[in-house]
Amino acid sequence: MTLGAGQAMTYIENERQAQMVTEDPNVNPALVPMVAIDAERHGDSLLDAAAVILTMAQYWRVTGPIIENRRMSAKDRIAAATTPAEIETAAIVDWSITP
């Protein structure tokens, strides 16, 4: 397992468990250990921790495509570049995301 793949699986599992909490706010914390860990770390309820996780997942659904488009566009520009200076210019990406 790569670090990126493992982290992605963690995010997916966090979201799955957070959804379980929203469906049953009285769910046994042992069934949603990742949400329970977040709740304990931040002094939140399971439901509050789940809300944060689900909000971040939704934020990713909005920003992820923007990031991916910029990444792929940069790759295309680099592939089309014909000089070192063009490659350097093509590799510059504005990663800022504004709401």
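Author: Patches are made of residues with over 30% relative accessible area and no salt bridge, where like charges are joined within 9 Å and nonpolar side chains (Val, Leu, Ile, Met, Phe, Trp, Tyr) within 5 Å. Accessible areas come from the Shrake-Rupley method with a 1.4 Å probe, and for residues only the protein chains shown count as cover. A salt bridge is a side-chain nitrogen of Lys or Arg within 4 Å of a carboxyl oxygen of Asp or Glu. This is a predicted model, in which local features need pLDDT of at least 70, side-chain atom pairs count only at pLDDT 80 or more, and totals for chains, interfaces and linings use all residues. Residues are numbered from 1 along each chain as its sequence is written, and side-chain values use heavy atoms, leaving out hydrogens and water.

Reader: Which residues make the nonpolar surface patch?

Author: Val52, Met56 and Tyr59 make this patch of about 320 Å². Met56 lies in helix α3; helices (H or I, at least four residues) are DSSP runs, numbered from the N terminus.

Reader: How do α2 and α3 pack?

Author: Two packed helices are described by the angle between their axes and the distance between the axes. Here α2 (residues 33-42) and α3 (residues 46-80) pack at about 105°, with axes 8 Å apart. They are therefore roughly perpendicular, a label for angles of 65 to 115 degrees. Val35, Ala36, Asp38 and Ala39 of α2 meet Leu46, Ala49, Ala50 and Ile53 of α3 in a contact (heavy atoms within 4.5 Å).

Reader: What of the charge pairs?

Author: Side chains of opposite charge can pair when their charged atoms come close. The structure holds 4 salt bridges. Arg16 forms one with Glu13, their closest N and O atoms being 2.6 Å apart.

Definitions and conventions: Axes are lines fitted to C-alpha atoms, for helices over the stretch in contact, and angles run from 0 to 180 degrees between N-to-C directions. Helices (H or I, at least four residues) and strands (E, at least two) are DSSP runs, numbered from the N terminus. Angles under 35 degrees count as roughly parallel, over 145 as roughly antiparallel, 65 to 115 as roughly perpendicular and the rest as oblique.
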